[in-house]
Each structure stands twice: as structure tokens, then as C-alpha cells.
Amino acid sequence: LVGGSTPISNTEIILSLEKFNTIHSFDTDNGIVTVDAGVILSTLQSTISERYGYLIPIDIGSKGSCQIGGNVSTNAGGQYYYRFGSLHANVLGVEVVTAKGDVLDLMSCNRKDNTGYDLKHLFIGAEGTLGIITKIALSCPKLPTSRQAALLQCPTFNDVRTTLSTAKEKLGEILSAFEFMDYEVVSLVQQQQQQTVLIEEEDDESDNPFFLLVETQGSNSEHDREKMEQFLECCMEDGFVVNGILAQDGKQMEEMWNIRESCNPIVKADGYNYKYDISIPIPEFYDMVEEMKDHLSTNYTTRSTRTVSWGHVIDGNLHLNITTPGIFTEDK
């Protein structure tokens with residue numbers, strides 16, 4: 001999905017930093033971790049949460065294999081982008097090696113540093129074109145003591161938009177994630193995992209084709225639960241949510257997130273996969289999917305294709321996937 005990890009000619013290389021894998025320090029007063037670029041994201045997450053009670057302000061489906069340096073180099077977003085902001089907002093400093101071999105020490109562990117040019121932002125999202133990030137200072141929030149999650153089903157995309165607006169109003173400061181999945185991808189996940197995900201056998205795709213995963217993070221379980229219940233009651237009374245499950249414990253919450261995080265690997269295994277990771281205005285979020293379906297049905301009638309979508313609708317980030325089902329081998 002990003003150009004920095006895909007060489008397009010014999011003049012480009014992929015550089016692995018997997019041996020740069022040390023977590024150097026954690027400032028417990030300020031919640032700042034200093035870490036090498038090659039540390040796996042999930043390793044960093046578990047270390048910081050288990051040892052210090054903090055979290056890493058980025059979480060993505062590939063956390064078990066991606067490295068924090070790659071996340072910063074591509075300015076990766078993820079499901080908590082709305083809650084914590086981009087990596088531009090959370091990276092305090094970087095160490096960079098340029099193509100000439102110069103080491104740029106742009107490291108800072110101060111939350112507030114208004115001196116001079118803030119050059120680190122040139123390298124966040126530059127995908128290695130200006131220099132290789134080798135070390136990072138990253139701001140980390142405290143782990144929430146309360147988490148709530150609900151899996152919802154909506155009849156139309158306008159209902160999705162109304163639910164999002166209601167979530168911002170009713171959940172306010174505790175709203176942390178608002179994930180979108182269409183019927184096709186949830187149905188595919190259900191088939192592969194052999195579990196029921198709000199879809200019964202007699203359900204028709206046209207009835208309620210949009211699924212939402214809503215999560216809150218806060219510090220008072222009773223308060224947060226009450227706000228979530230009020231939000232759900234409002235949505236269902238007004239009819240823009242027609243079905244839903246409120247997680248009763250951490251296990252059920254993990255199961256909900258497993259549905260969302262299974263979308264990519266299950267679709268990838270479905271056949272030859274064309275992936276598009278795009279950001280568009282929320283009112284036009286699903287128009288792209290409908291236009292693609294119309295285009296394929298009109299122009300590629302002799303080929304079997306599947307068009308599915310999911311993403312972070314709260315920040316307008318759509319994962320559009322087209323697959324040609326079957327088994328494909330790489331040409332030698």
C-alpha cells in the first residue's frame with residue numbers, strides 16, 4: 001500500500017532494519033519511549049503496556065510484522081487516528097541517516113520544543129526518500145482503565161453517517177474508534193471463520209449492508225458504559241441502527257476486533273487482490289465503492305470479481321479491495 005516498501009526498478013532497494021531492535025528507555029514522568037526503528041509494533045505495544053501501563057498511539061492490523069520505523073516513515077494511521085492523531089502529532093524526535101551517510105540527530109524527549117525548524121516532520125511520511133529513520137522518540141498515552149465496544153448494523157450509508165455524528169455527540173471525549181465494514185467482507189469473514197457475525201442465514205445483503213465497530217476508552221467503567229448504552233438506545237430508537245451487540249467483557253471485545261482485523265488476510269487469500277488505501281470526504285466515502293462495482297459489472301462481464309470494502313470511516317480512510325477469486329502463481 002505504500003511506495004517506500006515496493007522497489008519499482010533495479011535502481012531501488014528495500015533496506016531491512018530488523019537488527020535495529022532495541023527499546024532504549026521509557027520516561028515514566030512524561031510517557032515517552034525511545035526506540036530503534038526495527039522494533040516490531042506489537043512487541044513495542046506489549047512491552048510498554050505490560051511494563052509501564054502506557055499504550056502506543058498507533059494500532060494497525062499488520063502490527064505483528066510491521067516495524068515502528070516503517071510506521072513513521074509511511075505516517076501510518078490505523079484505527080485510533082481519530083483518538084490520538086497522526087504520527088506527526090506523536091513523534092517527538094527522530095534519528096536519520098541520509099544517503100551520503102550523515103547521521104542527523106533530531107532526537108528530542110521534550111514535549112514542548114519551540115526552538116528552530118522542526119525538521120523531523122520532513123522525514124515522517126517521506127518513505128525513506130530523504131533519509132532512513134533509525135531511532136524514534138514517541139509520546140505514549142496512559143492505558144485506559146475502561147474500554148467499551150459495540151458491533152452495529154445499519155441499513156444505508158446515510159445511516160452510517162448519522163450514527164457517526166451521534167457517536168461524536170453522545171460519546172464525546174471517550175470515542176476512540178469508529179470502524180466500517182460492508183456486508184460482503186463481513187460475510188466472507190463469517191464463512192472463513194465459521195461463526196455468526198450479526199448475519200443469519202436468511203439475511204439478504206440488501207437489508208442492512210453496513211457494519212460498524214465502535215469503541216470507547218476512558219477512566220470510569222460505569223460512566224462509559226452508561227454513555228455507550230445511551231448512544232445505542234438513541235441510534236436504535238431512531239432507526240439508523242437496526243441490529244447490534246454491546247461487548248460484555250474483554251473476550252467479546254477481542255472477538256469483535258478479530259472480525260475487523262481478519263478482513264485483510266481473508267480477502268488476500270480469496271484470490272488475486274487489488275488493494276486501494278484512499279482518503280476521501282466522508283459524504284463520498286461509499287460512492288467510490290459503488291462506482292467501482294458499476295464499472296466492473298459493465299466492463300468486465302467475462303471475469304469473476306469481488307469488490308469489498310472496510311476502513312476508518314471516522315477519518316475518511318477507505319480500504320477498497322477487488323479480488324479475482326482463484327489460485328494464482330507467480331510468473332518465473
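**Aromatic cluster and surface patches**

In this predicted model, ring pairs join Phe157, Phe180, Phe210, Phe285 and Tyr286 into a cluster.

Biologist: How many aromatic pairs does a search of the whole structure find?

Modeller: The search of the whole structure gives 14 aromatic pairs. Among them, phenylalanine 180 and tyrosine 286 are edge-to-face, with 5.9 Å centre to centre and 65 degrees between the planes.

Biologist: And where in the chain do those two sit?

Modeller: They come from distant parts of the chain, 106 residues apart, with phenylalanine 180 in strand 7 (residues 175–182) and tyrosine 286 in the loop between strand 10 (271–279) and helix 10.

Biologist: Are phenylalanine 180 and tyrosine 286 buried or exposed?

Modeller: Both phenylalanine 180 and tyrosine 286 are buried. Tyrosine 286 also forms an edge-to-face pair with phenylalanine 210, at 4.8 Å centre to centre and 90 degrees between the planes. That pair again links distant parts of the chain, since phenylalanine 210 lies in strand 8 (residues 210–218), 76 residues from tyrosine 286, and phenylalanine 210 is buried as well.

Biologist: Switching to the surface, which residues gather in the patch of negative charge?

Modeller: That patch is made up of Glu284, Asp287, Glu290, Glu291 and Asp294. Glutamate 290, one of these, lies in helix 10 (residues 287–299) and is partly exposed, because its relative accessible area is 42%, between the limits of 20% and 50%.

Biologist: What about the nonpolar patch, which residues form that?

Modeller: Tyr117, Leu119, Leu122 and Leu130 form the nonpolar patch on the surface, and together they have about 480 Å² of accessible area. Leucine 122 is found in helix 5 (residues 120–123).

Notes:
Residues are numbered from 1 along each chain as its sequence is written. This is a predicted model: local features need pLDDT of at least 70, side-chain atom pairs count only at pLDDT 80 or more; totals for chains, interfaces and linings use all residues. Side-chain values use heavy atoms; hydrogens and water are left out. Patches are made of residues with over 30% relative accessible area and no salt bridge: like charges are joined within 9 Å, nonpolar side chains (Val, Leu, Ile, Met, Phe, Trp, Tyr) within 5 Å. Accessible areas come from the Shrake-Rupley method with a 1.4 Å probe; for residues, only the protein chains shown count as cover. A salt bridge is a side-chain nitrogen of Lys or Arg within 4 Å of a carboxyl oxygen of Asp or Glu. Lys and Arg count as positive and Asp and Glu as negative; His and the chain ends are not counted. The place of a charge is taken as NZ of Lys, CZ of Arg, CG of Asp or CD of Glu. Helices (H or I, at least four residues) and strands (E, at least two) are DSSP runs, numbered from the N terminus. Buried means under 20% relative accessible area, exposed over 50%, partly exposed in between (1.4 Å probe, protein chains only). Rings of Phe, Tyr and Trp (its six-membered ring) pair if their centres lie within 6.5 Å; planes under 30 degrees apart count as stacked, over 60 as edge-to-face and the rest as tilted.
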